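Hi everyone, thanks for coming along.

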Amino acid sequence: MQAWQVHQLGEPSEVMRLQDVERPVPGDGQVLLKVRAANINFPDALMCRGHYQVRPPLPFTPGVEICGETEDGRRVLANPALPYGGFAEYAVADAAALLPAPDALDDAEAAALHIGYQTGWFGLHRRAGLEAGETLLVHAAAGGVGSAAVQLGKAAGATVIGVVGGADKVAVARELGCDVVIDRRGQDVIAAVKEATGGRGADVIYDPVGGEAFTQSTKVVAFEGRIVVVGFASGSIPSPALNHALVKNYSILGLHWGLYGTKNPKLIQHCHERLTELAARGSIKPLVSERVPLAGAAAAVQRVADGVTTGRVAVLPSLENGASA
């Protein structure tokens with residue numbers, strides 16, 4: 001089979017190589033899956049660089065989120081068991097963790113439903129307790145993680161403010177359903193949020209960016225507001241001033257979705273059932289901005305790493321080389 005492999009750490013476009021390799025052999029409790037679609041996540045780029053908390057042995061195949069097909073023909077969602085990741089024709093995954101792919105979504109959309117939407121659901125509902133009528137501020141609202149939070153916030157009845165970088169991303173955020181969109185490149189984020197909320201601020205802030213975005217969040221969070229820390233796409237990990245959290249009476253909530261797989265896996269199943277229901281109603285639908293063939297995976301991972309994509313980029317091994325859809 002063909003698979004992308006990383007033999008040394010560095011930028012994805014430089015270290016990912018498409019090679020002919022043997023199909024992986026499932027271990028105890030694992031299954032072999034034919035990859036129908038693999039969604040690109042920022043952690044894929046971090047893994048290539050050696051900057052992610054999970055460091056698979058070299059060589060490894062990146063790709064942490066797929067829609068796959070079992071030997072008996074079932075469409076399932078899975079997080080491949082590294083080092084046999086999803087940017088390949090076949091991957092392996094833990095049988096107990098497979099989730100049924102929603103009928104309402106195609107392969108690329110289904111692949112994109114898993115990590116980003118589970119993270120959004122756990123962050124907004126399990127951790128922050130978002131309620132209908134509250135105001136939700138989403139940083140990087142046009143990106144893969146942010147776009148999921150926008151849709152889930154709207155589905156929950158919140159007023160959603162999206163922060164993006166660039167005019168093209170403003171249009172995407174509006175299409176996703178943001179009530180207010182702020183372009184951080186041309187607007188003062190703090191002033192714009194205060195104006196949009198009448199000076200009150202946002203009840204829940206969803207932050208996959210870190211750095212300056214977190215600093216802005218602390219200045220626009222409402223009384224009894226909650227800042228959900230999801231990641232640090234900016235590359236800068238902030239050091240919060242806890243005296244500020246005390247004086248303004250807000251909460252800083254960390255979210256590591258992957259821990260639920262070992263700490264409370266039943267919650268992942270419960271979340272998937274809720275997401276499947278929302279997808280069936282049309283309340284959520286992953287924004288897949290690009291569908292690329294397997295040969296285009298390295299370049300696509302680099303684009304995600306560089307922050308120039310919107311929504312999700314999916315790798316479809318069934319697409320012919322050089323094609324896109």
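Let's begin with the open sheet: 6 strands in the order β10-β9-β8-β11-β12-β13, with parallel pairing. At the edges stand β10 (180-183) and β13 (251-254), each with a single partner strand, so one side of each has no neighbour in the sheet. On average, neighbouring strands here are turned by 20 degrees against each other, direction ignored.

Before we go on, a word on where this comes from. It is a predicted model, where local features need pLDDT of at least 70 and side-chain atom pairs count only at pLDDT 80 or more, while totals for chains, interfaces and linings use all residues. Residues are numbered from 1 along each chain as its sequence is written, and side-chain values use heavy atoms, with hydrogens and water left out.

Helices (H or I, at least four residues) and strands (E, at least two) are DSSP runs, numbered from the N terminus. Two strands pair if DSSP finds at least two bridges between them. Axes are lines fitted to C-alpha atoms, for helices over the stretch in contact, and angles run from 0 to 180 degrees between N-to-C directions.

Back to the sheet. Strand β9 (residues 159-164) pairs with β10 in the parallel sense over 4 bridges, and G162 stands opposite V181 in β10. Helix α5 (residues 144-155) packs on the sheet and touches β8, β9 and β11, where contact means heavy atoms within 4.5 Å. The direction of α5 makes about 170 degrees with that of β8.

Now for a pair of helices. How do α2 and α12 lie to each other: roughly parallel or roughly perpendicular? Helix α2 (residues 42-49) and helix α12 (residues 297-305) pack at about 100 degrees, their axes 8 Å apart. They are therefore roughly perpendicular, a label for angles of 65 to 115 degrees (under 35 is roughly parallel, over 145 roughly antiparallel, the rest oblique). F42, D44, A45 and R49 in α2 meet V301, V304 and A305 in α12.

Last stop: N41, in the loop between β3 (30-39) and α2. Is N41 buried or exposed? N41 is buried, with a relative accessible area of 3%; buried means under 20%, exposed over 50%, partly exposed in between (1.4 Å probe, protein chains only). Among the residues N41 touches are V64, I115 and V304.

Notes: Lists of a residue's contacts leave out its neighbours within four places in sequence.
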